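User: Please show me how to read a protein model, one feature at a time.
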Amino acid sequence: MTLFEVVIRLLLVLVCFLVLPLLIGQTEHKVMGHMQARVGPIYAGAFHGWAQLVADGVKFAQKEDIVPAGADRRVFRLAPAIALVPYLVVLIAIPLGPGDLVGRSIDAGVFFVLAVMGVGVLGALMAGWASANKFSLLGSLRTAAQLMAYELPMLLAAASVAMAAGTLSLTGILGEWEWWWLPWQAVGAVVFFTAGLAELQRPPFDMPVADSEIIFGAYTEYTGLRFALFLLAEYAGILVLCALTTVLFLGGWHGPWSDDVGWLWTLLKTGLLAFVVIWVRVSYPRLREDQLQKLAWTGLIPLALAQLVLTGVVRVATA
């Protein structure tokens, strides 16, 4: 691969990183606006509220950038970047289509993407600790507890697919994927997707930012563009989670005429899952902290282990 090809691939990944999360954010405005009859997101800018995203961007840009007097200023300012950049790195390893439609194919791709996604959570921990605010610190502690609870089932569910394919490479998994994997890997898909939502602190797993209890958790003291970066990190996380679920459990670019429009199948499946993420936010109330932990340790982890056992049996039976 020449230097020019590397630069082009990185630029394409960067464009996807800057555009697709904004599209998810805009879609969330519209879907929630219709489901909950919110006037603003539907009508801002006349035609179907097209200007809502622009209005939000202008609002964040105009707000004053405030750093609390008692805060650790360096860590406080660095936290938004730590929360955002890992998702850009993960996109490099996610295959968009057959052949060379991937930023960089990595042999241990499954472990790489999960490890880097875990780094993104450190942004919330840094923000809470550096803000010199008890509500922010409490939110970051909840984030840490949530990460420890839901990282394990997410890893076990991904390991089930890797076991079935006999490889840790994301491109290798897609190369081995068959349509009949859908039913017997369905439990792993639900576990992976649910655990991913919890790691992103999306409703109903948003206890670390419970506005009715701890104002806005680790992000309480953030304003303006720094707060907007945390929101962008959330939408980038949704993009990465949905793309990974598509690649691991839904066959990625596999579909009719996949040799020609495989990239379109990946985007369509990712978009459908992103809609589900938004739908869940609108439909379900926030879990209590004890309910959140109970779901992980007594629900998702046993299911993930059962999926591993099932995968092992099927693997041996079809060998």
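Analyst: Let's start with A132, which lies in the loop between α5 (109–130) and α6 (134–165). Helices here are DSSP runs of H or I with at least four residues, and strands are runs of E with at least two, numbered from the N terminus. This is a predicted model, where local features need pLDDT of at least 70 and side-chain atom pairs count only at pLDDT 80 or more, while totals for chains, interfaces and linings use all residues. Residues are numbered from 1 along each chain as its sequence is written, and side-chain values use heavy atoms, leaving out hydrogens and water.

User: What is the phi of A132?

Analyst: Most residues other than glycine have a negative phi. A132 has a positive phi, near 55°. A132 is also exposed, with a relative accessible area of 52% (buried is under 20%, exposed over 50%, partly exposed in between, with a 1.4 Å probe and protein chains only).

User: Where does W257 lie?

Analyst: W257 is in the loop between α11 and α12 (258–283). W257 is not a glycine, yet its phi is positive at about 55°. Its relative accessibility is 69%, so W257 counts as exposed.

User: Which peptide bond is cis?

Analyst: Most peptide bonds are trans. Here the bond from P203 to P204 is cis, with omega near 5°. P204 belongs to the loop between α9 (186–199) and α10 (211–214).

User: Which residues touch the most other members of the largest nonpolar core?

Analyst: In soluble globular proteins, nonpolar side chains tend to be buried together. A nonpolar core is a set of buried Ala, Val, Leu, Ile, Met, Phe, Trp, Tyr and Cys residues joined through side-chain atoms within 4.5 Å. The largest one has 80 residues, and I94, Y150, F192, I238, V240, L244 and L248 touch the most other members. Helix α11 (residues 224–249) gives the largest share, 17 residues. Leaving aside neighbours within four places in sequence, the contacts of Y150 (heavy atoms within 4.5 Å) include A195, F205 and L300.

User: At what angle do α6 and α13 pack?

Analyst: α6 and helix α13 (residues 289–317) pack at about 10°, with axes 9 Å apart. Axes are lines fitted to C-alpha atoms, over the stretch in contact for helices, and angles between N-to-C directions run from 0 to 180 degrees. The angle makes α6 roughly parallel to α13 (under 35 degrees; over 145 is roughly antiparallel, 65 to 115 roughly perpendicular, the rest oblique).
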